[in-house]
Amino acid sequence: MSELNLILFGPPGAGKGTQADRLRSDFRLPFISTGDMLRENVKEGTELGKEAQKYMDAGDLVPDDLIVKMAAERLQAPDAQDGFILDGFPRTLEQGKELDKLLSQLARRVTAALLIDVPDEEVVRRISGRRVCVKSGHNYHVDFDPPKREGICDQDGSRLVQRDDDKPDVVQNRLHVYHEQTEPLIEYYDERGLMRRIDGTRSPADVNDHIRAVIATLRMEDDV
Ligand code: ADP
Ligand code: ADP
């Protein structure tokens, strides 16, 4: 029986975090977001956090060696031994190759990469209205997924804020970086028969249904 090692892939603001929130409770897989891990490091003021912050503030990618080391440690933690859902990693071809190298050393492999496909203008709409809970990072949208009480997280009552890198000029750079540095990975996973495309423009519930159907098929194919 093999594990479910999934990558959630797509432009910033496509809905990866929103979907991961739903999937992790259904599949009991650890959800590993390099963006969340980096923000945690920044908050705690670690060396990695200090180094990463300047790239994050500008909407640029943190250098591959720092990210690969951080992700490799996380993937080898006990809770990730039976599978994982990765969000925001890999983000460059180099990171994709390093991930394959690491997994093959561990006699494991990527089961599939799920591309949540959303055009740029929708990305901008989604990111500009995104609000996140300061405590646990739950995502909301001022129009598409508003909290019950404005500015307050439904799940734990914490304050909702706009991320610094969700401001318009940084968003444009993040999209540019996605097209330049991350999109080449689509071909990388396509060539390996691992890429599954999901129409990300539909409602969160519809996108979730589609992802679950894809995972069900993968499980049948692989008997996982
Ligand atoms: P989003 O999915 O909204 O783009 P993330 O939370 O995944 O944002 O990432 C926020 C920032 O953290 C990125 O803009 C980048 O600076 C940094 N980052 C996260 N993951 C990686 C990665 N795999 N490689 C390089 N930088 C990363
Ligand atoms: P990512 O993790 O890919 O950066 P998020 O899950 O944080 O993206 O979603 C970005 C914003 O778009 C959030 O404000 C979220 O509430 C909203 N959103 C997510 N999925 C959808 C959807 N299918 N339709 C409309 N808005 C969405």
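In what follows, Ala, Val, Leu, Ile, Met, Phe, Trp, Tyr, Cys and Pro count as nonpolar, Asp, Glu, Lys and Arg as charged, and the others, Gly among them, as polar. The model is a predicted one, in which local features need pLDDT of at least 70 and side-chain atom pairs count only at pLDDT 80 or more, whereas totals for chains, interfaces and linings use all residues. Residues are numbered from 1 along each chain as its sequence is written, chains are lettered from A and ligands numbered from 1 in the order in which they are written, and side-chain values use heavy atoms, with hydrogens and water left out.

Ligand 1 is surrounded by 19 residues, a residue being near a molecule or strand if one of its heavy atoms lies within 4 Å of it. The closest of them are Thr34, Arg39, Asp60, Gly88 and Arg174, and by class the shell divides into 7 nonpolar, 4 polar and 8 charged residues. Several polar contacts can be named, a polar contact being a pair of N or O atoms within 3.5 Å; within protein, one must be able to donate a hydrogen and the other to accept it, and residues adjacent in sequence count only if both atoms are side-chain atoms. An N or O atom in the side chain of Thr34 is 2.8 Å from a nitrogen atom of ligand 1, while a backbone N or O atom of Gly88 lies 2.8 Å from a nitrogen atom of the ligand, and a polar backbone atom of Asp60 is 2.6 Å from an oxygen atom of ligand 1. Taken alone, ligand 1 exposes 550 Å², of which the protein buries 97%, with accessible areas coming from the Shrake-Rupley method with a 1.4 Å probe and, for residues, only the protein chains shown counting as cover.

The largest share of this shell, 4 residues, comes from helix α2 (residues 34–44), where helices (H or I, at least four residues) and strands (E, at least two) are DSSP runs numbered from the N terminus. Helix α2 packs against helix α4 (residues 64–75) at an angle of about 105°, with the axes 11 Å apart; axes are lines fitted to C-alpha atoms, for helices over the stretch in contact, and angles run from 0 to 180 degrees between N-to-C directions. The two helices are therefore roughly perpendicular to each other, since angles under 35 degrees count as roughly parallel, over 145 as roughly antiparallel, 65 to 115 as roughly perpendicular and the rest as oblique. Thr34, Met37, Leu38 and Asn41 in α2 meet Ile67, Met70, Ala71 and Arg74 in α4, contact meaning heavy atoms within 4.5 Å.

Around ligand 2 there are 17 residues, of which Gly13, Thr18, Arg130, Tyr140 and Arg202 come nearest. Oxygen atoms of ligand 2 are found 2.8 Å from a polar backbone atom of Gly13, 3.0 Å from one of Gly15 and 2.8 Å from a backbone N or O atom of Gly17. Taken alone, ligand 2 exposes 560 Å², and the protein buries 93% of that. Both α1 (16–27) and β6 (139–141) supply at least two residues of the shell.

Elsewhere, the axes of helix α7 (residues 168–182) and helix α8 (residues 184–191) come within 5 Å and cross at roughly 40°, which makes α7 oblique to α8. Turning to the backbone, the peptide bond from Phe89 to Pro90 is cis, with omega near -5°, and Pro90 lies in the loop between β3 (83–87) and α5 (93–105).
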